[in-house]
Amino acid sequence: MNTSAQKAQQRPPLARIARATLLAAAGGVIGNTLLWLMTSPLGRLQVGLAEVVVFSLLGGLAGGVLYALLSRLLPSPNRAFVALCIAVLILYAFGPIWAAQTPYREGAEPFNLLTVLVTEVMHLISGGFVIGVLTRLTGERNGS
């Protein structure tokens with residue numbers, strides 16, 4: 001039987017979560033920047049590189065905060081974390097599609113097909129780094 005002290009000892013230290021968060025955010029930023037650079041010659045992307053960097057960084061940091069919260073609330077946060085991340089990715093899949101109908105911010109144009117496709121892949125890149133890095137580098141290994 002696990003006591004609360006034993007459960008606390010099993011939880012990944014916040015410093016490890018912070019390092020994994022920075023790696024996940026950096027992976028998303030680098031991956032999405034490379035994708036933007038590779039696809040921008042194919043046509044006009046209606047998101048700027050600065051936006052890609054900022055939102056990739058924010059997504060990685062948000063994932064780290066979520067993981068840190070779940071690791072404090074649950075003895076084995078990985079399963080819940082992956083499920084929540086997948087749900088967020090599914091919801092985010094609608095964003096670029098909606099942005100093709102209505103501009104995502106004031107003064108922006110509706111997304112063209114290239115922008116929709118590239119931003120969908122960017123969500124997957126960021127999500128993949130967040131899920132992969134945080135669930136593997138935080139130290140939780142007990143079956144979730």
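Is T135 buried or exposed? T135 is buried, because its relative accessible area is 10%. Buried means under 20% relative accessible area, exposed over 50%, and partly exposed in between, with a 1.4 Å probe and protein chains only.

A word on the model. It is predicted, so local features need pLDDT of at least 70 and side-chain atom pairs count only at pLDDT 80 or more, while totals for chains, interfaces and linings use all residues. Residues are numbered from 1 along each chain as its sequence is written, and side-chain values use heavy atoms, with hydrogens and water left out.

Now the whole chain. It has five helices and zero strands. Helices here are DSSP runs of H or I, at least four residues, and strands are runs of E, at least two, numbered from the N terminus. Of the 144 residues, 36% count as buried.

Back to T135. It sits in helix 5, residues 113–137. A polar atom of its side chain lies 2.6 Å from the backbone oxygen of I131.

Next, a helix pair. Helix 3 covers residues 49–73, and helix 4 covers residues 78–101. They pack at about 145 degrees, with axes 10 Å apart. Axes are lines fitted to C-alpha atoms over the stretch in contact, and angles run from 0 to 180 degrees between N-to-C directions.

Who meets whom? From helix 3, G63, L66, Y67 and L70; from helix 4, N78, A80, F81 and L84. Contact means heavy atoms within 4.5 Å. Contacts also reach along the sequence: among those between residues at least 6 apart, 75% join residues at least 24 apart.

Terms used: Polar contact = N/O pair within 3.5 Å; in protein donor to acceptor, adjacent residues only side chain to side chain.
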